[in-house]
Amino acid sequence: TILADKCTKCGSDNIENTKMSVSKIIVDLNFFESGIKRWVVEYSTYKYKCIECNITFIPRDYINLNKGFGHNVKSFTMFQNIINHRSFKQIKFNFF
């Protein structure tokens, strides 16, 4: 769970948790000496309300997360496409 400690607009630490949760799932790969393992992580956070400027916001750390796929998945896909001359369709069929 990613938490906020201050408002993203005014910087005030006078914020309250609205108890409305949001989450996203990121699929990534972990590389080991013996192979590769798919890694699925669910990140969650809450919407917060600033008492000072009266806006509702989500923490920046949550917003900055990749959408859907982690860095290793993207790197592995590009490697397969450029070095091994595999189409994206082949990569998707064989690995995901």
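**Group meeting: a walk through the predicted model**

Okay, let's start with cysteine 7, which sits in the segment before S1. Quick housekeeping: this is a predicted model, where local features need pLDDT of at least 70 and side-chain atom pairs count only at pLDDT 80 or more, while totals for chains, interfaces and linings use all residues. Residues are numbered from 1 along each chain as its sequence is written, and side-chain values use heavy atoms, with hydrogens and water left out.

When I say strand or helix, I mean DSSP runs numbered from the N terminus: E for strands, at least two residues, and H or I for helices, at least four.

Back to cysteine 7. Its relative accessibility is 4%, so cysteine 7 counts as buried. For the cut-offs, buried is under 20% relative accessible area, exposed is over 50%, and partly exposed is in between, with a 1.4 Å probe and protein chains only. So who is around it? Setting aside residues up to four places away in sequence, cysteine 7 touches Ser12, Ile15, Cys50, Cys53, Ile55 and Phe57. Contact here means heavy atoms within 4.5 Å. There's also asparagine 54, which is 47 residues from cysteine 7 along the chain, with 9.8 Å between the C-alpha atoms.

How many aromatic pairs does a search of the whole structure find? It finds two. Rings of Phe, Tyr and Trp (its six-membered ring) pair if their centres lie within 6.5 Å; planes under 30 degrees apart are stacked, over 60 edge-to-face, and the rest tilted.

Take phenylalanine 31 and phenylalanine 76: the ring centres are 6.4 Å apart and the planes are at 45 degrees, so that pair is tilted. Phenylalanine 31 is in strand S1 (residues 15-32) and phenylalanine 76 is in helix H2, so the pair ties together parts that are 45 residues apart in sequence.

One more ring to show you: lysine 24 lies over the face of tyrosine 62, at 4.7 Å from the ring centre. The test is NZ of Lys or CZ of Arg within 6 Å of the ring centre and within 35 degrees of the ring normal.

Lysine 24 also turns up among the contacts of glutamate 42. That glutamate is in strand S2 (residues 35-50), and at 55% relative accessibility it counts as exposed. Not counting residues up to four places away in sequence, glutamate 42 touches Ser23, Lys24 and Ile25. Valine 27 is 15 residues away from glutamate 42 along the chain, and their C-alpha atoms are 8.8 Å apart.

Staying with the strands, threonine 18 lies in S1 and is partly exposed, with a relative accessible area of 26%. Leaving out residues up to four places away in sequence, threonine 18 touches Lys47, Tyr48 and Lys49.

Most residues other than glycine have a negative phi. Lysine 19, in strand S1, has a positive phi near 70 degrees. At 64% relative accessibility, lysine 19 counts as exposed. Histidine 85 has a positive phi too, about 55 degrees, and its place is the loop between H2 and H3. Buried or exposed, then, for histidine 85? Exposed, because its relative accessibility is 67%. From threonine 18 to histidine 85 is 49 Å, C-alpha to C-alpha, and 67 residues in sequence.

Histidine 85 is also one of the contacts of glutamine 80, along with Arg86, Ile91 and Phe95, leaving aside neighbours within four places in sequence. Glutamine 80 is in helix H2 and is buried, at 8% relative accessibility.

Last stop, the surface. Met78, Phe79, Ile82, Ile83 and Phe88 form a nonpolar patch with about 500 Å² of accessible area together. Patch residues have over 30% relative accessible area and no salt bridge; nonpolar side chains (Val, Leu, Ile, Met, Phe, Trp, Tyr) are joined within 5 Å, like charges within 9 Å. A salt bridge is a side-chain nitrogen of Lys or Arg within 4 Å of a carboxyl oxygen of Asp or Glu. Areas come from the Shrake-Rupley method with a 1.4 Å probe, and for residues only the protein chains shown count as cover.

Which helix gives the most to the nonpolar patch? Helix H2 (residues 71-82), with three residues. Phenylalanine 88 belongs to helix H3 (residues 88-95) and is partly exposed at 46% relative accessibility.
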